[in-house]
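Have a look at the model before reading on.

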Amino acid sequence: MIPSHDADNAVLARGLTRRFGDLAALDGLDLTVAYGEIFGLVGPDGAGKTTALRILAGILVPDAGAVRVAGVDVAADPTGVRDHLAYMSQRFGLYPDLTVDENIDFYADLYGVGRRARREPVAELLALSGMSPFRRRLAGDLSGGMKQKLQLICALIHTPKVLLLDEPTNGVDPVSRREFWNILYRLLDREVAIVVTTAYLDEAERCTRIGMIDAGRIIASGTAAEIRGRMRGRILAVRSDQARRVQHLLQETGEWGRVDLFGDRVHLVVEDLKTAADRVSARLTAAGITFDAPREAAPSLEDVFVSVLQRPGAAETPRAAPVFAAQARSKGETAVVVSDLTRRFKRFTAVDRIRFEVAGGEVFGFLGPNGAGKSTTIRMLCGLLRPSEGRAEVAGFDVATHAEAVKHHIGYMSQKFSLYDDLTVSENIDFYGGIYGLEGGRLSQRREWALAMAGLADRKDSLTRILGGGLKQRLALACAVLHQPPILFLDEPTSGVDPLSRRRFWDLIYVLAEGGVTVFVTTHYMQEAEYCDRVAMIYRGRLIALGTPAELKTHSIAGHIVDVRCDRPRAARKAVAGLPGVREAALFGAGLHVVTDDATAATAAIGRTLEAQGIAVERIEAVPPGMEDVFVALIETHDRENGKEAVHA
């Protein structure tokens, strides 16, 4: 039974249970969220996150349990509770034929916010989100990140007591995510309670408290530091430009139970750090692999997530059958050639004279902010959109004059790959096999290969609609490669997928690449960019960087990165930003990344400043730059050199 009044708690749920047939989406879930805090709900696909938010919003009725939001009993007054909350679902309704301003006005009218009363908050939200220059653009013409920010503005047009956000930054680039979170921090100052689900574990680090959910129950709850304290064993980290090879070598020994890849670092969970470090160093040296000395690392939320939630055998991915590799292009052979490729839409140039080549068997990452031209480029390379100028050859075919031939030699997985929910896994595979001209024994052979490759053999008769997001992504990949294409285009394939599913998906990508398949992938997960052989970055339609992740991290950032972990990162950022020698201080996970010319002097100055402010410091240390640091630095450098105001959409 929930008390009729609780002044401290904005959300109070007890024993929430919700079943869909035989599936228990929620199983006795308890949840408490105070005013003025951000509560992050994280868990694997299908854990119950979205179901929980929909019950809090009064959209779903629980089978058992009770919930009170902003002092209102949701079951007794589902309409009344909506006056006190804003809910941004994964399918929030924007009107594509209305402009940004017209969408905002529509929701302001819906919430009963007068013309005069809305003027100031709208201007503030537009400025904070970087959306001010786009007020007259149709919502249907916005990039994915711009749409997400417009959705948040529409949800916040009235200041709610409780804000519910269901994976609000899926498909949003790192710069836009920072802008998004700046808006959320402003709401905390107004004592708004925020419940957010997210697949980005670095975002979860920014929450006041975190609830880790699995199988419909909260299995761990607390601050980020408290959750990290649940880590079993200690983390030994090995950094190498050959991190994938390091992982494989250490896994093959069978000496360590867990060997996890984190960008250019490999994490091992060990009991005895010194013994493990000596053995790892000896093995890598004998194999001729260059690496930094192994060292202990503080566990991240993703370490804990994997440790707590990974089931036995879950990390194993079947190897690709040789039948696939025989159709692939050999390593080193040029798979994609792009020369001065340009695409204009009326007066707008989406892609502006870009040039690059991709070798056979290469995993090629294509990065850029939302609206930079990534998807437009992929659509041209896939023969779906004719270039305005320039040339591109894919698998030896000109995309402008032989578009149909290109389509028969590639696999394409878009951000919204079209699976059919009412078909089983096998039926979806058969449907796409038919489109590619496969039949009879050939189709049977490819179906069995695809099911094994994607780890879906035991789900072949399951309806697609009941699969979790990660399983759907693996099925979509299986359908895209049925016809054995030598080149695979993946447009943000892991958007919104939990860390475990993301890792398994990338295992499949490497299986294909090792067979000689060229993989061209766009992503907003900067850790994934570390997994690519080379990375190109596009901004405002132009290619602004190209190289290996190691090359970009070495040459793209002027200065040093100091990582600051403390208990009040927002307050720390304000205190540190004005220090001499500090070029930039940005929120980064549960701390800050500070860019400075002199790391030693900055470390000492930051420590003194935070101590004087009464901010508890966990650690301050110089660290190598990550791909998110590179991403932000390249954009800011380009804007500065071109004299443009940074507008990140």
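**Cores**

Leucine 163 touches Ala86, Leu152, Leu156, Leu184, Leu187, Val192, Ala193, Ile194 and Val195, leaving aside residues up to four places away in sequence; a contact here means heavy atoms within 4.5 Å. This is a predicted model, where local features need pLDDT of at least 70, side-chain atom pairs count only at pLDDT 80 or more, and totals for chains, interfaces and linings use all residues. Residues are numbered from 1 along each chain as its sequence is written, and side-chain values use heavy atoms, with hydrogens and water left out.

- Leu163, Leu184 and Ile606 touch the most other members of the largest nonpolar core, which has 75 residues.
- Helix H6 (residues 174-188) is the top contributor to this core, with seven residues.
- Apart from it there's another core of 74 residues, including Leu284, Val481, Leu488 and Ala633.
- A nonpolar core is a set of buried Ala, Val, Leu, Ile, Met, Phe, Trp, Tyr and Cys residues joined through side-chain atoms within 4.5 Å, with buried meaning under 20% relative accessible area (1.4 Å probe, protein chains only).
- Helices (H or I, at least four residues) and strands (E, at least two) are DSSP runs, numbered from the N terminus.

**A helix pair**

- Helix H21 (residues 569-577) and helix H22 (residues 599-612) have axes that come within 10 Å and cross at roughly 125 degrees.
- Axes are lines fitted to C-alpha atoms, for helices over the stretch in contact, and angles run from 0 to 180 degrees between N-to-C directions.
- Ala572, Ala575 and Val576 of H21 meet Ile606, Thr609 and Leu610 of H22.

**A hairpin**

- Strand E15 (residues 334-345) and strand E16 (residues 348-359) pair in the antiparallel sense over eight bridges (strands pair if DSSP finds at least two bridges between them).
- Arginine 343 has valine 351 in E16 as its bridge partner.
- Two residues sit between the strands of this hairpin, and lysine 346 takes a positive phi near 55 degrees.

**An open sheet**

- Four strands form an open sheet in the order E12-E13-E11-E14, with antiparallel pairing.
- Strand E12 (259-262) and strand E14 (295-297) are at the edges with a single partner strand each, so one side of each has no neighbour in the sheet.
- On average, neighbouring strands of this sheet are turned by 40 degrees against each other, direction ignored.
- E12 pairs with strand E13 (residues 265-270) over four bridges in the antiparallel sense, and phenylalanine 262 stands opposite arginine 265 in E13.
- Helix H9 (residues 243-253) packs on the sheet and touches E12 and E13, its direction making about 175 degrees with that of E12.

How values were computed. Buried < 20%, exposed > 50% of the residue type's maximum accessible area, 1.4 Å probe, protein only.
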